[in-house]
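Welcome, and please open your viewer.

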Amino acid sequence: MRKEDRLRQLIAQESARIMYEEGVKEYRDAKRKAARQFGSEKALSLGSHLPSNAEIHYELQRLIGIYEEDILPERLLHLRLTALHYMDMLAAFRPHLVGSVLSGAVTEQSDIDLHLFAESSEEVEEFLHGEGIPFEQEVVTIRHGGEFFEYPHIYLEDEGVTIECTVYPPEDIHRIPKSSITGRPMERATAKKLRKIIAGMAQTPG
C-alpha cells in the first residue's frame with residue numbers, strides 16, 4: 001500500500017473510532033478531529049489524504065461487527081421497533097426513517113432520525129403538546145451549494161434513545177436528499193417499508 005493510501009486509511013480508521021467510542025454523529029466532525037492527529041486539515045485535503053464518508057462508514061461498520069456482533073441484532077431490532085412506534089404516532093406528518101437505524105450500522109449512542117412533512121414545525125409541536133409528549137426544538141442551518149436553508153429539528157427521548165425529527169415542507173416529500181455517505185439519493189423508509197424490514201429480521205436465523 002502506498003504511503004498516501006495508508007495515511008488515508010489511518011484517518012478513516014481514527015474517524016470511525018471517534019464516532020464509535022465518542023458518539024460523534026457527523027462524519028465531517030469526526031474526520032476533522034481525526035485529521036488533527038496527522039497534520040493540518042488543509043494540507044491533508046490538498047494531498048487527497050482525507051477519506052470519504054463512505055470509507056469512514058466502512059470502517060465504522062467493521063468496528064461494530066468486531067465488538068458488537070452478539071448484541072447488534074437485539075439493539076437494531078429495539079431501535080427499529082421504537083422508530084416504528086413513533087412513526088405510527090406521527091403518521092399525520094408522513095414520517096420517513098433515515099440514517100443508521102435504517103442502514104443497520106448502529107452503536108450504543110445511535111439515535112433515530114425521522115423526516116417529517118408539515119406546513120410548519122408548530123403544527124408538529126402542537127400535536128406533541130396535545131399528546132403530552134415533552135420535546136426540545138432548534139433550527140439547523142444547512143448549506144446546499146451557495147444557498148442556506150433552515151430546517152426545524154424536534155428532539156424526543158424514549159428510555160435514553162433520542163428521536164431526532166427534521167421537519168420539511170410538504171412539497172419536499174418527493175425531493176429525496178443526497179446521502180452524505182454515497183452521494184446518491186438517501187435511502188428512506190416509510191412505516192410500511194419498515195414493518196417489512198422488521199418482519200424480515202424475525203425470519204432471519206439468529
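Start by selecting β4 and β5, which form a hairpin with 2 residues between them; in the turn, Glu159 has a positive phi of about 50 degrees. Helices (H or I, at least four residues) and strands (E, at least two) are DSSP runs, numbered from the N terminus. Before going further, note that this is a predicted model, in which local features need pLDDT of at least 70 and side-chain atom pairs count only at pLDDT 80 or more, while totals for chains, interfaces and linings use all residues. Residues are numbered from 1 along each chain as its sequence is written, and side-chain values use heavy atoms, with hydrogens and water left out.

**The hairpin**

Glu159 sits in the loop between β4 and β5 and is exposed, with a relative accessible area of 73%. Here buried means under 20% relative accessible area, exposed over 50%, and partly exposed in between (1.4 Å probe, protein chains only). Now colour the two strands: 6 bridges join β4 to β5, and they run antiparallel. Two strands pair if DSSP finds at least two bridges between them. For one facing couple, pick Asp158, which stands opposite Val161 in β5.

**Across to β2**

Next, select β5 (residues 161-168) together with β2; 6 bridges join them, and they run parallel. Leu114 stands opposite Cys165 in β5.

Step back to Arg94, in the loop between α5 (72-89) and β1. Arg94 has a phi near 45 degrees, a positive value in a residue other than glycine, and counts as partly exposed at 39% relative accessibility.

Select α4 (residues 53-67). Its 15 residues should span 21 Å at 1.5 Å a residue, and its end C-alpha atoms are 21 Å apart, which agrees; the expected span is 1.5 Å times one less than the number of residues. Highlight Asn53, Ile56, His57, Glu59, Leu60, Leu63 and Ile64, which are buried. Look down the axis of α4: the buried residues fall within an arc of 165 degrees, so they line one face of the helix. The arc is that of the directions from the helix axis to the C-beta atoms.

Then move to α2 (residues 27-35), where Tyr27, Ala30, Lys31, Ala34 and Ala35 are buried. They cover an arc of only 130 degrees around the axis, which puts them on the same side of α2.

**The largest pocket**

About 1,900 Å³ of space lies in the largest pocket. Of its 48 lining residues, select those closest to its centre: Lys25, Glu26, Lys178, Ser180 and Met186. A pocket is an open set of points on a 1 Å grid over the protein atoms alone, where a 1.4 Å probe fits, with protein on both sides within 12 Å along at least five of seven lines; lining residues have an atom within 4 Å of a point. Grid points are joined across faces, edges and corners, and the volume is the space filled by probe spheres set on the points. Which element gives the most to the lining? That is β3, with 6 residues.
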